[in-house]
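Below are some notes on this entry, as numbered points. Please read them alongside the sequence and the coordinates.

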Amino acid sequence: MELRERVHADGLDQVIAAHTAISDVDGERGRLVLAGRSLDELAEVGFEAVVTALWQAGGVAGPTEPAALSAALGAARVRADRELRARRDAWVHLSDPMDALRAAVAGLTGAEPVDLVATVAVATAGWIRTRADAPWLDPDATAPHVADLLRLATGTAPSPAMTDALARYLVTVCDHGMNASTFAARVVTSTGSDAVSAVVAAIGALKGPLHGGAPGPVLDMLDAIGEPEAAHAWLVAELAAGRRIMGMGHRVYRVRDPRAAALESALAVLERHGAVGRRLALARAVEREATTLLTARHPDRALRANVEFYTAVVLEAVGLPRGAFACVFACGRVAGWLAHIAEQRACGRLIRPQSRYVGPAAA
Ligand code: COA
């Protein structure tokens with residue numbers, strides 16, 4: 001049997017790697033629970049409220065009220081800005097934004113959770129500004145985190161609708177069970193290593209196109225398709241060439257990813273302000289066509305839109321460049337990583353899975 005088939009047959013990815021009170025992904029029913037509340041409910045309460053809930057669930061030492069977290073993040077953005085400017089030669093020139101983000105975080109020493117959240121946001125904005133040949137702006141310590149992130153990245157004060165849409169996106173992606181980057185962070189933490197090392201490992205995992213790198217290619221796909229009428233022929237040719245359709249399929253969900261629905265609430269906000277228009281209509285048409293084609297190809301394996309599909313449309317509409325989408329994902333997910341790092345540290349047990357030897361027997 002081929003190695004790939006053995007892995008599938010053994011269901012090796014179904015192993016329980018941790019006990020957690022942070023989030024639960026129910027792949028059969030398409031439900032996501034974060035710190036005991038459903039994603040639908042949390043999308044309404046704002047970024048700082050969700051992060052404090054996750055951090056309390058994971059046992060992160062730090063602010064327990066959204067207003068206190070907002071103030072702490074504001075001060076941390078100012079510190080991060082100073083620090084990242086001082087060593088900008090070490091990271092901002094890297095052409096891949098996730099390489100730049102990894103290097104920016106790797107240079108931190110002894111960082112508190114708020115410093116890590118702030119560094120990911122300020123470095124993402126700094127890289128975007130540098131690529132756009134635009135000057136960096138100073139963080140506003142009194143602004144809410146998401147509004148300031150968007151202003152630092154785009155150079156203009158965002159409208160409430162833009163901020164609301166980005167906040168809904170960041171809440172939607174801030175944690176998602178034992179995904180690859182969270183697992184990487186927990187493995188590193190379980191060895192007794194520090195939070196900066198764990199977040200660097202998580203960024204490395206998130207960089208891959210099968211995890212956080214899909215939304216940029218989703219926009220490339222929408223550009224290549226151009227018009228809803230062209231979707232069928234384009235997708236058929238892509239599948240015939242043996243390529244995967246970006247933004248479709250998921251390791252855990254057997255129904256549509258509930259985060260895709262949550263992002264529709266962000267898109268509804270933007271639609272009311274005329275910020276998405278034709279792009280959204282095209283995305284919906286491509287999703288419909290891709291679902292039909294993939295269902296015909298894999299009738300036993302529901303391949304539906306995942307979070308990345310509509311992420312692409314939301315992030316483009318709020319004015320962020322597609323090259324940096326994975327970094328913006330990290331701006332939200334870093335909150336979840338930090339909750340898991342604290343929970344893993346409290347558990348105090350080394351993660352050491354086993355492998356099944358399929359090589360030749362020793363003579
Ligand atoms: N387009 C075309 N075919 C796909 C597909 C996609 N997006 N996703 C899965 N498949 C195919 C696989 O090639 C496989 O076919 P095979 O058995 O003939 O080799 C079959 O469907 C079953 O795949 P599965 O085992 O369910 O996929 P996975 O769990 O290994 O992969 C993803 C999950 C997310 C990595 C995968 O669906 C994918 O690559 N999607 C595109 C990238 C993406 O959107 N990533 C973001 C994830 S949030």
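1. Alanine 111 sits in the loop between α5 and α6. The model is a predicted one, and the remarks here should be read as remarks on that prediction.

2. Is alanine 111 buried or exposed? Its relative accessibility is 17%, and alanine 111 therefore counts as buried, since the cut-off is under 20%.

3. Which residues does alanine 111 touch, leaving aside those up to four places away in sequence? They are Leu116 and Val196.

4. On aromatic rings, the count comes to two pairs. One of them joins tryptophan 91 and tryptophan 136, with 5.9 Å from centre to centre and 45 degrees between the planes.

5. The tryptophan pair links distant parts of the chain, its members being 45 residues apart. Tryptophan 91 belongs to the loop between α4 (66-86) and α5 (97-106), while tryptophan 136 belongs to the loop between α6 (113-131) and α7 (145-154).

6. How buried are the two partners? Tryptophan 91 has a relative accessible area of 0% and is buried. Tryptophan 136 is buried as well, with a value of 12%.

7. Tryptophan 136 also has a charged neighbour: arginine 88 lies over the face of its ring, 4.6 Å from the ring centre.

Methods
Residues numbered from 1 in each chain as written. Predicted model: local features only at pLDDT ≥ 70, side-chain atom pairs only at ≥ 80, totals over all residues. Heavy atoms only, no water. Phe/Tyr/Trp six-rings, centres within 6.5 Å; stacked < 30°, edge-to-face > 60°. Helix = DSSP H or I, 4+ residues; strand = E, 2+ residues; numbered from the N terminus. Buried < 20%, exposed > 50% of the residue type's maximum accessible area, 1.4 Å probe, protein only. Lys NZ or Arg CZ within 6 Å of the ring centre and 35° of its normal. Contact = heavy atoms within 4.5 Å.
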